[in-house]
Amino acid sequence: MVINTAEMDFYESFEKVKNKDLKKIINVNNLAPVLLIKALLPQLQARKEKSAIVNLSFGGCKFPMANYSSYLASRTMINHFTRSLAMEYPNIDILLYTPFDVTDEEDEEEQSTQGQKSIESGSQNKGSES
């Protein structure tokens, strides 16, 4: 099983993004996962047991957002690459996971606090859902 979670996010207006940062975004978000899969594909196909590739992307790729153009373009590439690869290699489970938000340790405390507020808010509004 191959699980690609590599990600470099970048949120800035496109004109302000430096070329070196664009190259980093493409290298981390696109080139690294693609080359890894290409290198491991012969081994994945040769296995007697079913193999799997899981690529992590971002659910927000469905929606254009200001100052996210570089990041969203790179994540959208992984979305289409994964779907196309799945069509090319039906003998391998090739999956795309697109959560709307992914947090890291730095966000953990903030998310925990926000999550608690959401739970409390949700329980108050539970009866009004349709």
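The buried residues of helix 1 are covered by elements that include strand 1 (2–4), strand 2 (52–56) and helix 2 (69–88), where helices (H or I, at least four residues) and strands (E, at least two) are DSSP runs numbered from the N terminus. This is a predicted model, in which local features need pLDDT of at least 70 and side-chain atom pairs count only at pLDDT 80 or more, while totals for chains, interfaces and linings use all residues. Residues are numbered from 1 along each chain as its sequence is written, and side-chain values use heavy atoms, with hydrogens and water left out.

Among the buried residues of helix 1 are Asp21, Ile25, Asn29, Pro33 and Ile37, buried meaning under 20% relative accessible area, exposed over 50% and partly exposed in between (1.4 Å probe, protein chains only). Helix 1 bends by about 45 degrees at leucine 40, and proline 42 follows within four residues; the bend is the angle between axes fitted to the seven residues ending at a residue and the seven starting there.

The structure also holds three aromatic pairs, a pair being rings of Phe, Tyr and Trp (its six-membered ring) with centres within 6.5 Å, stacked if the planes are under 30 degrees apart, edge-to-face if over 60 and tilted otherwise. Two of them are set out here.

| Pair | Centre distance | Plane angle | Class |
|---|---|---|---|
| Tyrosine 11 and tyrosine 71 | 5.5 Å | 65 degrees | edge-to-face |
| Phenylalanine 58 and tyrosine 71 | 5.7 Å | 55 degrees | tilted |

Tyrosine 11, in the loop between strand 1 and helix 1, and tyrosine 71, in helix 2, are 60 residues apart. Tyrosine 11 counts as partly exposed at 42% relative accessibility, whereas phenylalanine 58 and tyrosine 71 are buried. Ring pairs link Tyr11, Phe58, Tyr68 and Tyr71 into a cluster.

Notes
Contact = heavy atoms within 4.5 Å.
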